[in-house]
Amino acid sequence: MGTNWTKEIKRDLADVGRNLKLSQECQHFNGSMAEVVNRYKSEVMAWCDGKNPKENGFSTTTQSLWYQHYLNKKRLNRRKIGVHYEHMRPTQFPRQENQRLPYFSYEHDGKNMICTVKDNIFYKKVWYRDRKILWTEEPAGKEGYYYIMQSRSVKGGYICPNCANPGSLESMVDGCDYCGTKFHLEDFKEKVSFFHLPSSITGSRDRNPAKLIVIPVLWFVLGLFILNMLTTAGVSTAPMWIAFIVGFILIIAIMELLNSTRGASRSTITKNKIRDVDPYFSEEYFVGNLTNKILSVHYAENAEEIRPFSLRDLSDYIRTYQDVVECSLSNYLLEDFFTDKDWQHIKVRVELKLRRDAGGRLRDEKESLKLHLIKGVELKTAAVSDAIVYTCKGCGASLSLLNGGKCQYCGNELGLYNYDWVIQEYSVK
């Protein structure tokens with residue numbers, strides 16, 4: 001146990017050091033990333049005020065993020081509910097004097113640069129029907145995260161999302177010189193892949209590790225107090241000191257063992273299992289990408305709309321979600337990871353907050369899901385580029401999630417498991 005714990009600490013410290021160095025090197029991107037965030041905010045407000053969902057409604061998002069916006073808009077329209085942002089404060093860059101946020105950090109998975117923009121979120125969002133307000137939401141300065149990805153190197157050059165060959169933008173638009181893949185100019189723009197308010201997550205993402213410290217600390221303080229009293233009274237305490245130290249070590253070992261089966265350590269152990277296979281695995285990107293899929297399931301009208309995301313027919317669940325108008329992640333646990341000769345497998349538990357249309361009002365409720373996801377055993381990249389995923393391998397045409405990822409020209413279907421995690425098992429607990 002001690003060896004594994006030491007190995008995990010060393011790996012986490014190495015990750016922190018590498019990402020800090022990368023973030024310093026990539027500061028020249030901060031201005032353009034802030035611009036992307038603000039364009040996305042403007043598009044979200046315009047999207048909500050628009051009457052009908054459009055396929056080209058967002059120029060700033062990955063297709064998976066756009067798609068859950070699209071399905072949500074269709075759901076709201078069917079239930080005759082409008083959503084309006086009365087205001088949304090832009091991300092200010094450069095930040096004002098004495099302000100800690102916005103903060104920009106960067107990761108790179110060999111093909112894609114992933115930027116996380118952390119900022120205080122101020123907006124007022126109103127749900128209404130027939131001029132009657134159903135719900136109002138105001139984060140009032142909570143810290144939110146925007147995840148932005150781009151097929152680009154640390155120094156600013158462009159990278160082929162298919163084979164990772166570097167090249168100029170012009171050479172990429174004409175086709176990658178190495179693998180021949182064809183791209184559109186918009187494929188290389190910065191795209192927002194996920195947004196969330198982590199402060200809305202109840203407690204920690206798994207379990208509060210502070211609880212694991214309470215018992216050892218109490219033992220330590222109480223033991224020292226008793227031993228000090230006995231020493232003051234002239235009682236020999238040598239055997240008691242030995243028992244105290246041995247007991248303290250045993251308590252720490254027991255608490256670590258208990259924690260290894262649940263809570264924060266469970267997710268950490270699972271993440272390190274994944275990184276033994278996929279060194280570029282990003283927990284934050286994985287959770288964001290998964291959340292887009294889960295939200296799409298909750299907003300879908302039928303199983304065909306989310307066919308690329310799931311190998312299982314989710315029609316029975318989809319029917320129970322037809323009154324869900326808002327959905328957000330509140331908690332998650334990376335439960336386990338393993339591989340076989342064909343697939344990588346990951347088991348995840350998530351807790352969601354659902355907002356349902358209850359006629360004259362909206363009603364909040366919680367839902368717990370148990371998920372089993374798979375993807376090809378050879379896939380080693382953390383982020384997934386739409387430029388590759390949503391291109392037909394048969395004829396090279398662009399694929400859209402609107403028709404279930406099926407090519408309108410040659411009929412080939414998008415096998416998302418060849419690029420990304422897909423849902424194999426889905427159950428409500």
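Let's start at Lys80: this residue comes after helix α3, and its phi is positive, near 60 degrees. Keep in mind throughout that we're looking at a predicted model.

So, back up into α3 itself. The helix covers residues 63-78, which makes 16 residues. From first C-alpha to last it reaches 22 Å, close to the 22 Å you'd expect at 1.5 Å a residue. Is α3 buried or exposed, then? Well, 14 of its 16 residues are buried, so the helix is largely enclosed by the rest of the structure.

Next up is helix α2, residues 30-49. With 20 residues at 1.5 Å each step, α2 should span 28 Å, and the end C-alpha atoms sit 29 Å apart, which agrees. Its buried residues include Met33, Val37, Tyr40 and Trp47, and you'll also find Lys41 and Glu43 among them.

We have an open sheet of 3 strands here, in the order β1-β4-β5, and the pairing is antiparallel. At the edges stand β1 (82-88) and β5 (132-137); each has a single partner strand, so one side of each is left without a neighbour in the sheet. On average, neighbouring strands in this sheet are turned by 25 degrees against each other, ignoring direction. If you zoom in on β4, residues 123-129, you can follow its antiparallel pairing with β5 over 5 bridges.

Last stop, the cysteines. How many disulfides does a search of the whole structure find? The count is 0. Now look at Cys395, where the closest cysteine sulfur belongs to Cys407. The separation is 3.6 Å, and that's too far for a bond, because the cut-off for a disulfide is within 2.5 Å. Cys395 is partly exposed, by the way, at a relative accessible area of 42%. Then there's Cys410, which is in no disulfide either; the nearest cysteine sulfur is that of Cys392, 3.4 Å away. Cys410 is partly exposed too, with a relative accessible area of 37%.

That's my tour, over to you.

Notes
Residues numbered from 1 in each chain as written. Predicted model: local features only at pLDDT ≥ 70, side-chain atom pairs only at ≥ 80, totals over all residues. Heavy atoms only, no water. Pairing = 2+ DSSP bridges. Helix = DSSP H or I, 4+ residues; strand = E, 2+ residues; numbered from the N terminus. Axes fitted to C-alpha atoms, helices over the stretch in contact; angles between N-to-C directions. Expected span 1.5 Å × (residues − 1). Buried < 20%, exposed > 50% of the residue type's maximum accessible area, 1.4 Å probe, protein only.
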